[in-house]
Amino acid sequence: MRKRRELTPVVSRVSAIRPSDILLFSTLRNERVRLPYFLKYYREMGINHFLIVDNGSDDGSREYLAPQDDVSLWTTERSYKRARFGADWLNGLQMRYGHGHWTLVVDPDEFFIYPFSDTRPIRALTDWLDAGSIKSFPAMLLDMYPKGPIGAQPYHEGQDPFEIANWFDSGNYTISRNSKFGNLWIQGGPRARMFFADMPERAPALNKVPLVKWQRSYAYASSTHMLLPRGLNLVYDEWGGEKAAGCLLHAKFLDTFAVKANEEMLRHQHYANSHEYRAYKAALDDQPDLWCKWSDKYINWRQLEILGLMSKGNWA
Amino acid sequence: MTVGFVMLCHTALDRAAQVARHWATRGCPVVIHVDRKVNRANYARLHRALSDLPDIRFSERHACEWGTFSLVAATQAAATVMLREFPAVRHVYLASGSCLPLRPVAELVAYLDARPHTDFIESVTTEDVGWTIGGLNLERFTLRFPFSWRQHRRLFDGYVALQRRFHFRRRIPPALVPHLGSQWWCLTRQTLSAMLEDPERANYDRYFKRVWIPDESYFQTLVRQYSVNVESRSLTLSKFDFQGKPHIFYDDHLQLLRRSDCFVARKIWSQADKLYRTFLAPDAASQILAEPNPGKIDRLFSKAVERRTKGRAGLYMQSRFPNENWENGLTAAPYSVFEGFAEVFQDFDTWLGKTVGTRVHGHLFAPERAEFAGGETIYNGALSDSARLRDYNTLSFLPSLIWNTRGERQCFQFGPRDNQAPSWFMARDRNAQVSVISGAWAVALFHSNQNFSEIRREAARLQKIEAEHLSILRSPWTKARVRIWTLAEFVQNPMEPLQTIIDEINPRALRRVTEAPRLAALAGFGLFLQNLRNQGMQPVLMGDFPVGDDTTSAPARSGRPYLVK
């Protein structure tokens, strides 16, 4: 809670938030090139207001975001790690501004898709969730990658990142239940296959619950992987059925990745002593190609639902 | 003669206004009931928006709570206004604020004109109802429900349990036979007025005030008292999910709704602009007078309910992670596990692949790596052959492989050298066809070039592992199709068991297996077993293998494999 005081408002337009608005919360550092498409994508989806924490960007991200009409921006130079990887900052903002709203928490390289996201705006989803008294909605992180070495095709500002990184792993995920928080713990995908084959237990968690009808008493326990109270993590059916679920398409593996990996290595600001980034760094030095002949090319959400990565549940 | 619409509204009043205007400007009077919980400003706005239309009335407002009599009272009030104010109305159609007409009003009028004495109301006796949620059918009529289901669920459930326990029963008025059905009906003036004007009405109302969800039973029961011609179906297309909530229609349902030929649909998402624009457009040239045909939509929604309640067998994912024994099938498709065959036959996987026309894996759970067919390092779904990754979560690996290769039968080898973690999983899985030649691992040792003391130690280890595995396969919880032969039994007559397995994998194969796989050389194997015995290890799983070396079975033929007739 105290962590909220670390934030300095740059520009606040929170007074424009109406009671029914759907809010997006994000924290970022040096993501200038990604921002135009990010904002466009989520505006078209129907997000009404963006609440963003800038963790000391020096690439113009702050200057780009500040004049946007639907953005409220805070900044901090403090430690990302000590703020539990940004979760404390966002929990604070969500407690203050998210109460009673549907809130979507995503990173600038995460693109939310849900059943019918090509034909129905996000409000159709939240209305449907409201009608069913469902308070949280899961979306597994799906790592997307290009064919050929990462960074062979440069990413241009405003471009759809999935024109470049349009491949994914469809069926190599492992799931186990976390008895403490009641959530599923999902690992696997190209990162486990390429970077963590020797230490699978270290592979990053892919389970996320980014969309929540927020209440003051809620909190993300670790990034958006786990929530409190525990009941919010029960986004899966235990009796054989399927609940509705989406995906977060993860546009991490673009040409910006190598720069990022280097920077994060130096800053030591990531999870488990930047173990993840150290693994990337080591592998990246030999120009890896995440693509293999069993990679699937991304088409749309229906494809992911047929592959069993997401589900319509009983939404039709 | 015309049809009048009674609309019950509580949200999205602007949409309700649009629909009311559509009907009223096409010669159909509308009486609107607005929930008293709607605030005065919104109510006034609706009033104003429709003030230019002469054929619209507003009825006395009731505060409506789902599942209570207030909805019936609101309907009665509005219907009374309709019958009193619009003498030309012959059919009264009950609709909600989130209903949308799918066909031109003229078609509905023509349809009803052709059936002037028919009451369209779903009305089914409690014995025949299959759709009620929560298990309350007849008890809706015989228990009391003083507590709100929405706000005091515990009290509600507790009070129901209490009444059941003490066998409490309310008396159903003797004239009535309880019926249930969709709350959206279309009744004739004759029937409706008889209902509203019956001197007994006060008694019936008093009774129904304590009935659970009377809007699904009041009119449905009473219509049987007065109607001469009940057609037990609703003209409104309305589908419910497994929790009894109505399915909602969106823009992408446009074509489906068009082809349904239903007159009215509910419930429409209030922001489905395209649906409202299309269906409220000035009437297109009238089509043929088709009967409503909601079959396609029925299928869509019943599939959704099935997905939500049963899910896809063999799928483990972020929103489907069944508890043990609730999987509805542990894996997605049948597969075959061969234990000992690769040791007994030379090139068994090539032969099997050719015979059943599928790709055959080696030992998927081998300690070194997952031996995918064709020596692949990555397989369908980008599954890695890394033993570390596989063993990190063995119970994800096998179902993933079977899920990823749906449509192509998987065959793989298994044995005591392998990671035994999936033993129980395979045993419990109905999709598994497990064929075991017990003790066949000794053949590999027999051919290996190791010191005998090492062989002896390894033999003891493998025998122990396999014995445990076999006891799992023989346990009463095993659901897999399991066949076990001892090595001695099997080599006596290898073709018959093989043919049985192949037939099961590929039942429609026309040809019998003609080419047999070549048996591994077994000359001296009996002696090898005897040597193990002499060194104090007791090989039991192979069965009775003759010690006298290669006299009886002598299956190790050289030259061409034999043919089966």
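Where is the place of Ala12(B)? I found Ala12(B) in the loop between strand S1 (2–9) and helix H1 (13–24) of chain B. Helices (H or I, at least four residues) and strands (E, at least two) are DSSP runs, numbered from the N terminus.

Before going further, some housekeeping. I'm working with a predicted model, where local features need pLDDT of at least 70, side-chain atom pairs count only at pLDDT 80 or more, and totals for chains, interfaces and linings use all residues. Residues are numbered from 1 along each chain as its sequence is written, while chains are lettered from A and ligands numbered from 1 in the order in which they are written.

Ala12(B) is not a glycine, yet its phi is positive, about 45°. I noted Ala12(B) as partly exposed, with 16 other C-beta atoms within 10 Å. My cut-offs: a residue is buried if 20 or more other C-beta atoms lie within 10 Å of its own, exposed if 12 or fewer, and partly exposed in between, with C-beta atoms placed from the backbone.

Phe116(A) also has a positive phi, about 70°, without being a glycine. I traced Phe116(A) to the loop between strand S6 (110–113) and helix H4 (122–131) of chain A. Buried or exposed is Phe116(A)? Phe116(A) is buried, with 21 other C-beta atoms within 10 Å.

Then the cis peptides. The bond from Leu228(A) to Pro229(A) is cis, omega near -5°, and Pro229(A) sits in the loop between strand S14 (226–228) and strand S15 (246–250) of chain A. Arg266(B) and Lys267(B) are joined by a cis bond as well, with omega about 15°. I placed Lys267(B) in the loop between strand S12 (264–265) and helix H11 (273–279) of chain B.

**Chain B overall**

I get 22 helices and 21 strands in chain B. Of its 565 residues, 43% count as buried. The radius of gyration of chain B (over C-alpha atoms) is 36 Å, whereas a compact globule of 565 residues would be near 24 Å, by the rule of 2.2 Å times the number of residues to the power 0.38. The C-alpha trace of chain B spans about 105 × 60 × 45 Å along its principal axes.

I also checked helix H3 (residues 70–85) of chain B. Its 16 residues should span 22 Å at 1.5 Å a residue, and the end C-alpha atoms are 23 Å apart, which agrees; the expected span is 1.5 Å times one less than the number of residues. Buried residues of H3(B) include Leu71(B), Val72(B) and Met82(B).

**Where B touches A**

How many residues of chain B are in contact with chain A? I have 48 residues of chain B against 50 residues of chain A, with contact meaning that C-beta atoms, placed from the backbone, lie within 7 Å. Among the elements that each supply at least two residues on the chain B side are helix H12 (295–309) and helix H16 (394–404). H12(B) gives the most, seven residues. By class, that side of chain B has 21 nonpolar, 16 polar and 11 charged residues. For the classes, Ala, Val, Leu, Ile, Met, Phe, Trp, Tyr, Cys and Pro count as nonpolar, Asp, Glu, Lys and Arg as charged, and the others, Gly among them, as polar.

Definitions and conventions
Two residues are in contact if their C-beta atoms, placed from the backbone, lie within 7 Å.
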